[in-house]
Every structure is written in C-alpha cells, then in structure tokens.
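I opened a new notebook page for this model.

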Amino acid sequence: MLTIYADGGESGHNLYTVPLVAVVAKCPHITRGGWFWRVAMEQRERPKAQLYRGAFCGGIAANHVSYGVRQLFTDRCSLYVMLSHKVDLEKLEEPEKVVGPAYTSRYCTLPVPKYELSETGMRPDCAYQLVHDEMNLDGNPSLNLASFVTTWMEPQATQLIVENIHKNFADQFEYPQTEVIHKRCINMLARLFNAPDPVTFAGTETAGSSEAVMLGLLAHKWTWKKRRQAEGKPSDKPNVIFGADAHICWDKFAKYFDVEPRVIPLEEDNFTITKEEVAELIDENTTCVGVILGTTFTGEIDPIEDINDLLVDVKNERGWDIPIHVDAAIGGFILPFSKPELAWDFRLPQVKSINVSAHKYGLVYPGLGWLIFRDMSDLPEELMFYVSYLGDEMASYTLNFSRGSGMLLAQYYNLLRLGWQGYAMAANAVLENARYLTKRLHDTGYFDVLNAAEILPVITLRLGEPVDFSVYDLSAKLRERGWIVPAYTLPPNADHITIMRIVVRQNFSRDMADLFVEDVKKAYAALLAPKTKTIVKQRSAREAHSVL
Ligand SMILES: Cc1ncc(COP(=O)(O)O)c(C=O)c1O
C-alpha cells in the first residue's frame, strides 16, 4: 500500500487553510515488509527518516513509488525528494508563473516570476518582505517535536554567527584563526570521548553527521583495502554491518561508496541490534561494524560494549581487526554528561571513530557535525588533501570544500560558555522534561510507551487501545494546533509497528509539555467522537457577531 499526502502545493494557500488531500493507492509492487511508503508533496511535509529510506533506498520499490507518483500527480505537485525538478512553464496558467501582486503593489510594481530570473530585480525591502512572508508557511520550529536540530541559541552566539557568516572555513590562508579554533574544538571533543593517551587523535568538522558517518566509513574501507592488498588478498567485496535501526546515511554510504550493506533487521520486541546478530554476519571482508548511540527511530542505543567484546575476541581468535564506528549523532552530547560511567566511546578498544551532530544536542544551529578518529593511523594518508600555507602544510579530510565558519564558532562559543557543567545541566534538563512528558502521556491511558526517555530525550509511543484511527491521524490532528509530531512504521522486521516519536529539545518547557498533553487529549477526543458530533452548529453572521 502506498500512502501519499498532497496539499494545495503551488497554489500558495496557507497549509492550515488547505485541507491535506490524502491519496491512498494500492501498489502491488510495493511489498517490502509491508511498509507504508509515505511520500509527502512539495515542501509542506518535512522529511522523516522513514521517508528518506522509502524514497532512496527501497530499490525496486522506490522506483515504483516514484513511477506511481508521477502517474498520479500533475506537474503542480512533485514527488518529495530533496532534488528539485523542472517546472514546465507551458503547462502553467499565467497567474501561476508569478508571485502575485501583494501589498497592493506598495513593494512590487512588476509581476515577479517564480521560476525564471526576473529582468530587473527588485528593491531590497521588497525581496525581504516576499521571502519573509513565504517563510510563514513553514512550521513553527519551537513546536517541532520531530527534529533533533537546535532551534534556539543565545543571542551572543547568533551575533558571532552573523559577524563571521562571510568567512569561508576552507580559506585557511585568509582565516587561520578559525582553524586554530577548529583544533581546540576537536581536542575538547576527543577528550570528552575519552581518547586514550598516548595515541594521536584526529578529527574534522563536517556539514552534519551524515558527512561524518560517510567519511568515517570511507576511512575504514581504505584501511581494510590497504591491509588486504598488502596481504595479497582480494579487496573487491567490502561489506559494512549495521542495524536497520541506523539512519539512512548508512545506506547512502553503502550505495555511494560501493560497499555491501549487511543490515541486521529489527525484531518484534527489540529495536536495536545484538552481538549475536553481528557475529553471524562478520567475515574477512567486513570493513566496519556500525553502532548507534541513540537511534533515529526509537532513541535507544545499540549494545556497544558487547559488540566491542565480540570484535576483540574475533581479533584475537581470527586476526580480523574490525573497527567500530559509533554514530553518536544524537547521544554524543548527552551521554558523556548524563551517564559518564557508560563506556561507549574510545574507552572501548575497537571503537576507532565517532561522529556527533553539533546541531543536535551540541546546541548549535544547522549544519555542523564532528568526526573524531581514535588515532591518526585510522585515517589513511591517501585520503588526506593538503594545502600549503607559509611553508606549512594544512591537511583536510572532507567531502565538501567551501563552507561557512559561523557554526564552528557557535560551537566553540557553546563549549566555552557551557563547559562540562553547562552541558550536563542542559542534558539533564531535556531528560527530565522528556520523562515528565512521558509520564503525562502515559497517564492519559491512550498509549503504550516504547521508549520512556530513560537514556535519551526521545519518547516513542504507540496507540494502546484499539481505536478506529491511527497515530498518523493523531499526528495530523495535532498539526492543526501547530505541533509537528512524526508518525511512522519501524524498519523491518518491526514494520508492523506504527509509532509516534517526540524529541525534547532545550526550548521545550514543562509548561509546553502540559499544553501539548492537553492538545493530545483534545485531538484524541475529536478523533474518537462520531463524526456527526464534531459538526459545529452553523450560526448566521447575525448570531455570531452582535449587531449594534
Ligand atoms: C543516528 C543518526 N545518525 C545520523 C543522522 C544524520 O545526521 P545529520 O542530519 O547531522 O546529517 C541522524 C539524523 O537525525 C541520526 O539520527
């Protein structure tokens, strides 16, 4: 079954005034584990991990999704992928080609083309106002309980970002001090992740955890390849092992870098991987085992210590030195503070690289991530690129070249400003608020709680009582009040379980938790009520407004 949500699309109406059109199409080809493939249209529905997985990684199924969608929709709607496509101007009515006259032409006196460059441009206040107004169609970031990404920073951090927004981090000749600060951040983080002495850790900033995961895995693939070649063994069949609980960037790595993904399915009652499952899949061609410190789907953590012990045994018994990459996108700025005693990082000998999203609980705006290698020897020399500066060589290991310096400086600001105690307070505050919200939601009696924010500030719920609506309906109903709460099915083999996930970030207060629970209760009651009861008695204009 293919579920497609479309909305008013290009007609430019407000999301809340145009009812969502839900199209449910039967597609016999889309059978992979009985998944619901949700394809959101245009910019209205934000991407969900599940959605990416569906759109990019379903192989044959994804092709059918895209084929089916193209068959179903006119050019006024588009398949939701991050790739934008051509708008056929021939097929548009004249009014659809322009950003309509607004503000009775106080700002724009000429029609503004939507899909072509205008001939003359416009005044800055006009451009500002048009863009500013379009942004009103986005959701409210403060009510976005779907995202891990930081939506609030202190004004001083914002000031630093704005002051440095024009500096390209790649121009290390011109802006050497940003590189100095980069080095300080890497040092602080590697030590936070317990990089042992006397090894020489190394690391880099990235655009986010996706780039960091890919660079980490690429390095391990090269190390494996070099070792195999040195041993005179074939190196054409690398594989990487991770769970279906991993983020889509792991699948992306496997596809883009031509490595066989050995994906461990989830179980009915276990949404992380086990060391036994890893043991079954490893062989001499395994370049890396991936573990997740906070899964995107349920916020749980893989048994990292167990898997480390397994790989230590494998190394001793079979001679295969298989590294672990820890995807700490979500947990990397929480667990070192909330549970410093938990060994998931470089304290474990097979953990050779770690990524963390600065723009999640590092409390920086998007997009910044970090990749740290335990030791320089984990990063093959062949992958480094050098620029020379005043007789010095500066190394880089990135997928991109140019990028802004603002977020790096914002991270440094936070590290200075918060210190260990500040980050610990931030981590414990979101955990406490998440646990408070879990209890209040549990007390409604509507939900089974799958993850009660014990380790990370993520709550996952499914409907407890049998009712004739789903968490998708509840999510849509909550959206009417502005709350953005994703609903999705878990990955295979837990894909019969449909959940709602709530992420608690630093801006989410107890008060907001209370308001949210009241809205959940109202939404639930509205969905439960027989449809006739929800029809509000129509009143005439005279009845509704007193006439003087
Ligand atoms: C576990 C995990 N890994 C990687 C990523 C990708 O992170 P980013 O958006 O920073 O690229 C995410 C995103 O939510 C995630 O949850």
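Where is the kink in α11 centred? I found the kink, about 90°, at Gly419. The bend at a residue is the angle between axes fitted to the seven residues ending there and the seven starting there. Helices here are DSSP runs (H or I, at least four residues) and strands are E runs of at least two, numbered from the N terminus.

I noted that this is a predicted model, where local features need pLDDT of at least 70, side-chain atom pairs count only at pLDDT 80 or more, and totals for chains, interfaces and linings use all residues. Residues are numbered from 1 along each chain as its sequence is written.

I then checked the span of α11, residues 406–443. Just after α11, Gly445 has a positive phi of about 80°.

Next I looked up the ligand. I saw 15 residues around it, the closest being Gly208, Ser209, Ser210, His247 and Ala329. A residue is near if its C-beta atom, placed from the backbone, lies within 6 Å. Helix α6 (residues 209–230) gives the most to this shell, with 3 residues.

Last, I went through the backbone. A cis peptide bond joins Asp197 and Pro198, with omega about 5°. Pro198 sits in the loop between α5 (176–192) and β6 (202–206). Asn194 is in the loop between α5 and β6. Asn194 has a positive phi of about 60°, though it is not a glycine.
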